[in-house]
Amino acid sequence: MSTADRSVFQSLYDQYYRMVLSLCRGYMKGDRELADDLAQEVFINVWNALPGFRGEASHKTWIYRITVNTCLMVIRKNRNQTRMPIEVAMQAPEPESPQTESEHLYGAIGKLEEVERLIIMMVLEDVEYEEIARTLGITENNLRVKIHRARTKLKTLMEHEQRMG
Amino acid sequence: MNNEWDDIKSQWSKAKEEMPAQTALKPSELIAAAEKRKKKTVAAHYANTLIMGATWLMLIGYFGYYTFRDLLSNIGIVLMVGGLGLRIVIEILSTIRSRKIHVSDAAVQSLEDTLSFYRFRKRIHGPVTFLIVALYIVGFLMLNPELSRHIKTQWLVAMDLAGTIAAVVLIRVIGKGVRQELRDLEKIVEFKRSLTE
């Protein structure tokens, strides 16, 4: 790998680290340590995939793809983690200490299904629907339906989190 | 309804602003970690194949030097050596297939390639691995009649017992691995369904 590659990597890291960390934090339900590890994993994958980047997509879409795939791979490894259905999650006991707004948000996002979680976070990042569809490899129509469902679920979960917090 | 969504977006943006600008590792350290990971993965694949290949060659050399006379014994040797050879071929094919999964592909494509890999492993790895273990066991047992003429009975029994224990442990370990991979496969199918339906 050349100096130019290192320079590209540095530039991608500077531009996209916070975005990646933000997605990872939401994906790991607000856990800072796990999110940091996952974000590092994403950039390790970025470096290893860099020689194969041919410019068919923008760097941003490319980074999103790597982030999504890395997140999904991590979940595959966490075999013992189970996600409760939303109805059961909403009956969970109150947390012991008051939660911040961002903890409510991550808690709510964490209760969505994995794919919905990723989609809704990209929407929150103001990524254009066309780009999200390209990242995921689905049609925009299909995506819009999923976004609508995920948004509705997230609002319900947020209301519950705020009542419990 | 839109106000609620705007509040959520505002919370998201605020949470993002509070995040650190970089990870605990500097970019140069991330690169070093990435290079180390790549070398470790490549080394693991090659080491696995080389060890099995070396074992295969040693077995051929050993059985070539110490010739067994009985037809049954020679069939047993062919089963054992052939089984290991088959395992080496499958391992190479598995490595080639795993390289078709690209983390930078669109999610549906990456999941499809991963599914294809796991289905290959389900179809070939699991059943064929159990077959290979069976070939080793049967092949080894076929050597017993001729070995019994040269080795004391108690040593032969000890060898068979040790081999049986090793086989049981191996089957349990393989079975555990196969079950875990089946669970992974289910999860990947679920992810793909979530995206495409």
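Chain A holds eight helices and zero strands, where helices (H or I, at least four residues) and strands (E, at least two) are DSSP runs numbered from the N terminus. Along the sequence the pattern of chain A reads α-α-α-α-α-α-α-α. The model is predicted, so local features need pLDDT of at least 70 and side-chain atom pairs count only at pLDDT 80 or more, while totals for chains, interfaces and linings use all residues. Residues are numbered from 1 along each chain as its sequence is written, chains are lettered from A and ligands numbered from 1 in the order in which they are written, and side-chain values use heavy atoms, with hydrogens and water left out.

Of the 165 residues of chain A, 53% are buried; buried means under 20% relative accessible area, exposed over 50%, and partly exposed in between (1.4 Å probe, protein chains only). Chain A exposes about 7,700 Å², of which carbon and sulfur atoms supply 46%. Such areas come from the Shrake-Rupley method with a 1.4 Å probe, and for residues only the protein chains shown count as cover. Among contacts (heavy atoms within 4.5 Å) in chain A with a separation of 6 or more, 71% join residues 24 or more positions apart.

A:Arg65 sits in helix H3 (residues 59–77) of chain A. Leaving aside residues up to four places away in sequence, A:Arg65 touches A:Ala57, A:Arg134 and A:Thr135, and also B:Val103, B:Ser104, B:Asp105 and B:Ala106. A:Arg65 is buried yet has no salt bridge, a term for a side-chain nitrogen of Lys or Arg within 4 Å of a carboxyl oxygen of Asp or Glu. The nearest side chain of opposite charge, B:Asp105, is 5.6 Å away; Lys and Arg count as positive and Asp and Glu as negative, with His and the chain ends not counted.

In chain B, helix H2 (residues 27–65) contains B:Tyr62, which is partly exposed because its relative accessibility is 42%. B:Tyr62 and B:Arg37 are 25 residues apart in sequence and 37 Å apart in space, C-alpha to C-alpha.

Helix H3 (residues 71–98) of chain B includes B:Ile96, which counts as partly exposed because its relative accessible area is 46%. Patches are made of residues with over 30% relative accessible area and no salt bridge, with like charges joined within 9 Å and nonpolar side chains (Val, Leu, Ile, Met, Phe, Trp, Tyr) within 5 Å.

A patch of positive charge on the surface gathers B:Arg172, B:Lys176, B:Arg179 and B:Arg183. The place of a charge is taken as NZ of Lys, CZ of Arg, CG of Asp or CD of Glu. B:Arg179 belongs to helix H5 (residues 153–196) of chain B.
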